[in-house]
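Biologist: Could you take me through this model? I have the sequence and the coordinates open and would like to ask about several parts in turn.

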Amino acid sequence: MNTIAKLLQLAARAEHLGVIVTRIGLMVVLLWIGGLKAFKYEADGIVPFVANSPLMGFFYKYPVPEYKGHMNAEGQLVPANREWHRENRTYLFAYGLGAVIVLYGLMLGLHPWRPEIAALGGFLVVIMSLTTLSFLITTPENWVPALGDTEHGFPYLSGRGRLVIKDMIMLGAGMVVMADSARAYLRKKGLAYGQ
């Protein structure tokens with residue numbers, strides 16, 4: 001057998017390890033990002049997504065586009081902006097969102113003991129990813145603004161847009177771990193599943 005075929009056989013056997021790495025990777029991202037929602041800079045950073053979202057905008061006190069005059073750059077502290085965000089319920093919303101995201105990560109970690117809970121966690125990650133991907137449609141800041149360069153608007157993703165599009169990977173990873181946990185639960189219960 002030639003070397004390429006041997007390498008492909010080895011790669012074909014890596015699926016189980018790949019699912020484990022995917023689950024651990026999702027848990028790290030969810031626990032870390034969820035935990036960061038307790039910090040004001042992270043809460044400030046998600047305001048354009050939440051404020052412009054028809055699914056979430058109602059959580060904030062002030063309407064779009066009022067937030068634009070109160071954004072702090074990462075690492076910047078403007079006390080008046082922080083006070084506006086406090087009144088806007090920016091931080092209160094971020095604490096709740098962070099707790100939910102951390103919960104999803106913990107649910108995935110229950111796979112060895114309670115795969116049905118891990119499967120639900122994977123499903124919730126899928127829903128979360130679809131919600132995040134909806135920001136591509138609802139948040140103007142996802143696209144490079146027209147400030148003189150000819151390369152602006154769609155399809156030119158800004159830093160925020162590049163952050164959002166990565167949820168395509170979270171979407172697929174959520175599906176992979178959901179399916180793996182569902183199979184583990186069905187095996188544990190001696191139930192059949194289609195392939």
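Biologist: Where does Pro65 lie?

Modeller: This is a predicted model. In it, Pro65 belongs to the loop that runs between helix 4 and helix 5 (79-88).

Biologist: And what kind of peptide bond joins Val64 and Pro65?

Modeller: The bond between Val64 and Pro65 is cis, and its omega is about 5°. A cis bond is also found from Phe154 to Pro155, with omega near 10°. Pro155 sits in the loop between helix 7 and helix 8.

Biologist: Staying with the backbone, what is the phi of Arg89?

Modeller: Arg89 has a positive phi of about 75°, although this residue is not a glycine. Its place is the loop between helix 5 and helix 6. Arg89 counts as partly exposed because its relative accessibility is 35%, and the range for that class lies between 20% and 50%.

Biologist: Let me step back to the whole chain. How many helices and strands are there?

Modeller: The protein chain has 9 helices and 0 strands. Read from the N terminus, the order of elements is therefore α-α-α-α-α-α-α-α-α.

Biologist: What does the chain span, and how much of it is buried?

Modeller: The C-alpha trace spans about 65 × 40 × 30 Å along its principal axes. Of the 195 residues in the chain, 34% count as buried.

Biologist: Now the packing. At what angle do helix 7 and helix 9 cross?

Modeller: Helix 7 (115-138) and helix 9 (167-188) have axes that cross at roughly 160° and come within 7 Å. Because of that angle, helix 7 is roughly antiparallel to helix 9; the cut-off for this description is over 145 degrees. The crossing of these two helices is left-handed.

Biologist: Which kinds of residue make up the contact of helix 7 with helix 9?

Modeller: The residues of the contact between helix 7 and helix 9 divide into 18 nonpolar, 5 polar and 3 charged.

Biologist: What distance separates the C-alpha atoms of Met175 and Val125?

Modeller: The C-alpha atoms of Met175 and Val125 are separated by 8.2 Å, while the two residues are 50 residues apart along the chain. Val125 and Thr138, by contrast, are 13 residues apart in sequence, and their C-alpha atoms are 20 Å apart in space.

Biologist: And helix 2 with helix 6: how do their axes cross?

Modeller: The axes of helix 2 (15-36) and helix 6 (90-109) cross at roughly 160° and come within 8 Å. Helix 2 is therefore roughly antiparallel to helix 6. This crossing, too, is left-handed.

Biologist: How do the lining residues divide by type?

Modeller: The lining of the largest pocket has 25 nonpolar, 4 polar and 7 charged residues.

Biologist: Which helices supply at least two residues of that lining?

Modeller: Helix 2, helix 3 (40-45), helix 4 (47-52), helix 6, helix 7, helix 8 (159-165) and helix 9 each supply at least two.

Biologist: Which helix gives the most?

Modeller: Helix 7 gives the most to the lining of the largest pocket, with 6 residues. Helix 7 is also the helix that holds Val125 and that runs roughly antiparallel to helix 9.

Key
Residues numbered from 1 in each chain as written. Predicted model: local features only at pLDDT ≥ 70, side-chain atom pairs only at ≥ 80, totals over all residues. Heavy atoms only, no water. Helix = DSSP H or I, 4+ residues; strand = E, 2+ residues; numbered from the N terminus. Nonpolar A, V, L, I, M, F, W, Y, C, P; charged D, E, K, R; others polar. Axes fitted to C-alpha atoms, helices over the stretch in contact; angles between N-to-C directions. Parallel < 35°, antiparallel > 145°, perpendicular 65-115°, else oblique. Left-handed = near helix turned anticlockwise from the far one by under 90°. Buried < 20%, exposed > 50% of the residue type's maximum accessible area, 1.4 Å probe, protein only.
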